[in-house]
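Good morning, and thank you for the time on today's agenda. I shall speak briefly about one chain, and I would ask you to keep the structure in view as I go.

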Amino acid sequence: MTAGIVNAHTHLYSGLAPFGMPTPAIAPTSFVQILERIWWRLDRALDAASLAASAELYVAEAVAAGCAGLIDHHESPTFIDGSLDVLADACARFGMPAVLCYGATERNRGRAEAAAGLAECARFARANQRPGVRPAVGLHASFTVSDETIAEAAALARTLGSVLHVHVAEDGADVADARARGYAGVIDRLARHGALVAGSIFAHGVHLTRAEVAACADAGVWLVQNPRSNRGNQVGYPAALAASPRVALGTDGYPAAMADEQAALVELAAAHGDDPARVAARPGAGALLLAERFGGPVAPPDAAAVARATAALPEVRARAREVAPALWARMAAL
Ligand SMILES: [Zn+2]
């Protein structure tokens with residue numbers, strides 16, 4: 001157990017995946033197919049009950065593992081309105097500091113879907129009273145939204161005094177999409193629509209150039225490296241992140257056992273010739289990122305919270321086991 005590391009990019013909605021999530025009938029052979037055949041089917045199958053069970057399991061295990069905070073990126077396209085309260089309740093129940101957003105996208109229902117996602121971010125930011133939870137404004141990734149949605153999300157973040165949380169250049173497909181739309185790349189597209197909001201969280205950056213990463217740093221934007229996810233999805237190693245000191249560590253849906261993520265980071269950094277001292281600074285950056293959103297240093301779950309989470313895990317796991325089969329059945333029917 002490594003106490004005190006913030007998980008700076010994850011997905012609480014994937015918490016039930018270890019409880020028998022079916023593998024796709026036809027194995028994916030690209031990153032976009034992994035999204036289409038696995039995660040974009042899981043997120044459409046989520047309802048309030050399965051999301052609550054998933055989040056409670058993910059958060060309780062994170063507290064028990066010593067994780068110091070969670071920065072979540074959420075999507076449940078058939079249950080948008082109120083979804084962030086489900087996640088916030090799970091975080092509050094277990095005393096886990098968290099930053100929550102809904103990742104607006106147009107991939108299922110176009111602009112109306114994006115509007116509903118941004119409306120959920122705005123609703124939650126204005127209504128949330130839980131002291132341990134802070135809001136952000138989410139976009140799924142630039143390749144699943146229009147220019148108008150990017151501009152609206154950026155404007156909303158500024159109006160709320162908040163930040164954006166978005167997947168950026170995780171795979172080459174995101175970069176190719178931005179270029180096909182006439183931009184130099186993903187950062188150029190986001191910048192032209194006002195989306196380099198200071199304090200924002202850009203997950204991955206695997207296919208950014210050093211100049212793009214430096215531009216993010218200059219704008220006060222954080223990047224988040226997700227070593228196990230990047231390795232699992234075979235999207236590459238984010239070598240250009242070396243151009244910024246504002247790079248935190250995330251698990252991208254893998255359990256928030258940060259010691260495991262850190263071990264993967266050390267191993268992959270060595271294999272790709274990355275500077276060990278530089279990657280060792282990722283956890284410290286994550287703490288600063290969380291402190292920015294809370295307006296000061298954030299205490300990790302205390303011993304009582306850890307004891308409570310550990311005591312609750314049998315009940316939480318039993319609930320996950322109970323809810324998961326119906327979720328898999330809905331997923332299979334999509
Ligand atoms: Zn992610």
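Let me begin with a pair of helices: H1 passes H13 in a right-handed crossing. Please bear in mind that this is a predicted model. Helix H1 covers residues 31-45 and helix H13 covers residues 303-333; the two pack at an angle of about 115 degrees, and their axes are 8 Å apart. On the H1 side the contact is formed by Arg41, Leu42 and Ala45, and on the H13 side by Leu327, Arg330 and Met331. By class, 4 of these contact residues are nonpolar and 2 are charged, with no polar residue taking part.

I turn now to the chain as a whole. Its secondary structure consists of 13 helices and 10 strands. The C-alpha trace spans about 50 × 45 × 40 Å along the principal axes. Of the contacts with a separation of 6 or more, 79% join residues 24 or more positions apart.

What share of the 334 residues counts as buried? The figure is 51%. In soluble globular proteins, nonpolar side chains tend to be buried together. Here, the largest nonpolar core holds 99 residues, and those touching the most other members are Val59, Cys91, Leu100, Ala153, Leu164 and Ile201. Helix H2, residues 48-64, gives the most to this core, with 11 residues.

Finally, consider Cys91. Beyond its neighbours within four places in sequence, Cys91 is in contact with Val59, Leu70, Met96, Ala98, Gly132 and Val133. Thank you.

Methods: Residues numbered from 1 in each chain as written. Predicted model: local features only at pLDDT ≥ 70, side-chain atom pairs only at ≥ 80, totals over all residues. Core = buried A, V, L, I, M, F, W, Y, C linked by C-beta atoms within 7 Å. Buried ≥ 20, exposed ≤ 12 C-beta atoms within 10 Å, placed from the backbone. Helix = DSSP H or I, 4+ residues; strand = E, 2+ residues; numbered from the N terminus. Contact = placed C-beta atoms within 7 Å. Axes fitted to C-alpha atoms, helices over the stretch in contact; angles between N-to-C directions. Left-handed = near helix turned anticlockwise from the far one by under 90°. Nonpolar A, V, L, I, M, F, W, Y, C, P; charged D, E, K, R; others polar.
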